[in-house]
Number of protein chains: 2
Amino acid sequence: MSSYHALSEQEATAYARRLPDFFAPDAELSCREIGDGNLNLVFHIQDQGSGKSVILKQALPYAKVVGESWPLTLDRARIESEALAVQGRLCPELTVRLIAYEPELALTVMEDLSDHVIMRRGLIEGRRYPHFAEHISEFLARTLFFTSDLGMNQQEKKIQTGRFINPELCKITEDLIFDDPYTDSENNSFDEAIRDEVERIWQDSALHLEVMLLRQKFLTEGQALLHGDLHTGSVFVTETSTKVIDPEFAYYGPMGFDVGAIIANLLLNYAAQTGWKEGADLADYRSYLLQTATSIWEQFHVKFSSLWDEQLVDRMAATPGYKEHYMKQLLQDTVGFAGCKMVRRIIGLSHVADIDTIPDASRKEKAQRLALAIGKTLIKRNRSLASIDEVLDIVQTQWSAIEQGK
Amino acid sequence: MSSYHALSEQEATAYARRLPDFFAPDAELSCREIGDGNLNLVFHIQDQGSGKSVILKQALPYAKVVGESWPLTLDRARIESEALAVQGRLCPELTVRLIAYEPELALTVMEDLSDHVIMRRGLIEGRRYPHFAEHISEFLARTLFFTSDLGMNQQEKKIQTGRFINPELCKITEDLIFDDPYTDSENNSFDEAIRDEVERIWQDSALHLEVMLLRQKFLTEGQALLHGDLHTGSVFVTETSTKVIDPEFAYYGPMGFDVGAIIANLLLNYAAQTGWKEGADLADYRSYLLQTATSIWEQFHVKFSSLWDEQLVDRMAATPGYKEHYMKQLLQDTVGFAGCKMVRRIIGLSHVADIDTIPDASRKEKAQRLALAIGKTLIKRNRSLASIDEVLDIVQTQWSAIEQGK
């Protein structure tokens with residue numbers, strides 16, 4: 001990658017102009033760097049005449065979140081583009097469209113989704129996305145099924161697993177999600193107001209054992225090609241459209257990690273809805289969030305089961321009882337990983353705006369305590385769960401406990 | 001690999017003569033092709049003067065077992081040589097010494113172990129190897145621990161996983177061990193005398209579910225670098241020495257697959273000891289075999305646990321309760337895979353000489369039924385097992401049942 005260098009806006013514009021059959025030769029292009037992430041430059045390039053636009057995403061060789069001292073492989077741009085290609089083939093309507101990939105520059109060119117909004121932002125603004133559960137469950141069912149031993153040739157899957165070996169980005173997950181929050185790590189970042197609860201978590205060895213078992217799955221269980229970072233900041237939405245972006249954490253891992261991630265992020269927004277607005281609207285929005293979270297699992301279950309019944313490549317997976325066993329395990333993994341995703345967003349390095357932007361300190365504390373309570377319970381109960389209704393119960397019980405100041 | 005061709009004895013000799021610092025320039029070399037396997041040429045080359053010798057193993061681009069029509073990747077020679085290098089580094093005394101690897105010719109050069117005997121042959125001759133359990137448990141503990149997330153850098157492990165992706169040889173295992181024996185496959189090969197029991201196995205859906213769960217681990221669970229084919233034909237022994245050979249099936253899989261393989265092959269020899277010799281010697285040899293099989297687990301458990309306590313790279317794996325959970329799961333996997341390994345050697349394509357060479361038809365049938373009964377029970381009980389003593393009980397109970405003609 002000797003020709004690699006971080007692009008200037010001028011260079012990005014020149015590159016975009018050379019895209020085949022995209023902009024008119026005499027187009028007047030404008031360019032803005034709009035990246036607010038930690039790892040990449042993101043250029044928005046638009047033809048001022050036609051309005052046509054494109055996104056150039058360039059991986060940086062370091063993580064900005066901790067300065068330039070945390071080097072990070074540029075190979076993640078290849079992984080992202082290859083994952084987008086796989087997901088786009090399986091879910092063309094639900095994946096941001098990949099236009100080009102330039103390995104020398106670690107540069108991914110993709111469609112501009114400026115008419116969409118990042119879902120986390122939409123939820124913070126109290127918006128509803130009535131098709132989201134339908135869409136994301138479809139994305140999950142199809143991408144996970146068709147990249148697994150169930151839905152693709154098992155030898156090709158092994159070769160594909162090799163292409164998606166992603167040690168450095170997996171390491172970020174392993175540290176920030178499965179390690180730091182459970183110990184007094186310097187990477188942690190939490191409000192002093194909840195130190196008592198955080199310290200309880202550091203001492204909770206029953207919780208640690210469950211986290212270890214989930215982490216072991218993350219480390220060893222190559223079930224399917226995961227998105228690997230499927231939170232509400234990785235999804236662009238409108239009321240009628242859903243587009244998944246940013247699969248740079250993609251690797252072969254346990255399916256429940258993706259399903260759990262999206263559910264956890266809805267529950268984090270749910271936790272933010274405690275005590276700080278009044279009236280029927282709030283209860284209604286909580287109910288919308290919870291219903292969406294459970295509906296994602298329910299629709300995922302139906303769709304994944306249908307693929308199993310209709311598109312199974314693995315003849316042996318039709319063995320009686322196997323599907324039921326598999327789906328139950330997948331629910332348990334989903335719930336366990338969802339719990340881990342919630343805890344890390346309160347104690348660990350990287351928080352969510354849903355909770356961090358709550359202006360009132362005591363309400364914010366309540367939200368953080370609720371998120372931790374739900375997360376902990378999901379982790380502790382994951383191996384004994386048999387139905388998504390139990391998750392509903394857990395969430396509502398913890399909400400009531402926090403509201404009643406228990 | 002354009003220069004690849006199957007070597008003649010003359011070419012093999014010429015190659016061996018060019019090995020640096022091995023044979024004297026004027027050595028009078030003899031060469032014999034001694035391969036009796038299905039996949040490779042094996043040349044034994046010796047200096048008639050000094051007696052010094054070497055083995056050249058060349059992968060063939062097809063499997064002989066079903067004629068030249070079953071093509072097989074030559075990349076397995078690379079995998080074998082790389083696995084030998086890893087195992088040799090971890091267990092230099094217990095692994096055949098790798099001398100050279102020639103990718104163009106898919107050729108592995110290794111030390112000659114003609115002073116050893118293949119363990120299966122030794123067991124068939126009724127010999128005992130008092131150090132075998134000690135040695136093989138050491139090989140298993142060290143190779144599995146130090147290639148896993150417990151004993152090596154977790155990011156290097158991911159890269160190593162990529163180097164050992166081995167789709168074609170895994171496919172042989174997936175078909176011959178986890179698929180064919182449980183259905184009326186044309187690959188199967190079994191004596192008509194036991195057709196009733198074989199057909200019962202084809203109908204036993206509770207058994208099939210357990211096999212599916214074990215197969216899922218084989219397909220998805222990358223715990224450690226396995227030997228992948230650790231039967232008694234992959235071990236050279238003397239009374240005082242043990243050398244593991246032939247890791248061409250190496251890949252990242254579930255640890256219990258290796259531990260179970262070697263135990264299964266001792267139990268297959270045990271099953272051969274039914275009814276066809278009389279007297280105290282037979283009972284004593286059975287007891288030796290059973291004691292060796294259980295001792296392998298017990299010593300493996302002690303050694304693996306010690307490595308965990310003393311050489312853990314993964315700080316988090318010291319979480320209270322995790323080791324106990326891990327070791328129990330490993331025992332259950334070991335027992336389940338051991339059962340699968342037994343069943344396939346009676347019903348599937350590739351049998352073991354321990355049982356196939358029994359001259360008397362009714363005794364042979366008894367041995368086959370005993371092996372199936374033990375194998376089935378180990379598979380069915382694997383998920384509820386808590387101790388290796390239960391395996392001992394299962395084997396002895398099944399032996400008594402067969403002996404009493406139940």
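**Briefing: a sheet, a helix contact and salt bridges**

In chain B, three strands make an open, antiparallel sheet with the order 7-9-10; two strands pair if DSSP finds at least two bridges between them. This is a predicted model, in which local features need pLDDT of at least 70 and side-chain atom pairs count only at pLDDT 80 or more, while totals for chains, interfaces and linings use all residues. Residues are numbered from 1 along each chain as its sequence is written, chains are lettered from A in the order in which they are written, and side-chain values use heavy atoms, without hydrogens and water.

**The sheet in chain B**

- Strand 7 (117-118) and strand 10 (242-244) of chain B are the edge strands; each has a single partner strand, so one side of each has no neighbour in the sheet.
- Helices (H or I, at least four residues) and strands (E, at least two) are DSSP runs, numbered from the N terminus.
- Strand 7 of chain B pairs with strand 9 (residues 235-237) of chain B over two bridges, in the antiparallel sense.
- I118(B) has F236(B), in strand 9 of chain B, as its bridge partner.
- Helix 4 (residues 132-146) of chain B lies across strands 9 and 10 of chain B, at about 35° to strand 10 of chain B.

- Helix 8 (residues 205-220) of chain A packs with helix 5 (residues 154-163) of chain B at an angle of about 40°, and their axes are 11 Å apart.
- Helix 8 of chain A is therefore oblique to helix 5 of chain B; angles under 35 degrees count as roughly parallel, over 145 as roughly antiparallel, 65 to 115 as roughly perpendicular and the rest as oblique.
- R215(A), L219(A) and T220(A) of helix 8 of chain A make the contact with Q154(B), K157(B) and K158(B) of helix 5 of chain B; contact means heavy atoms within 4.5 Å.

**Salt bridges**

- The whole structure holds 60 salt bridges over all chains, each being a side-chain nitrogen of Lys or Arg within 4 Å of a carboxyl oxygen of Asp or Glu.
- K171(A) and D175(A) form one of 3.3 Å, N to O; both residues lie in helix 6 (residues 167-176) of chain A, four residues apart, about one turn of the helix.
- K171(A), at 35% relative accessibility, counts as partly exposed, a class between buried (under 20% relative accessible area) and exposed (over 50%), with a 1.4 Å probe and protein chains only.
- In chain B, the closest N and O atoms of the salt bridge between D175(B) and K171(B) are 3.2 Å apart.
- D196(A), E197(A), R200(A), E365(A), R369(A) and K376(A) are linked in a salt-bridge network.

Conventions. Axes are lines fitted to C-alpha atoms, for helices over the stretch in contact, and angles run from 0 to 180 degrees between N-to-C directions.
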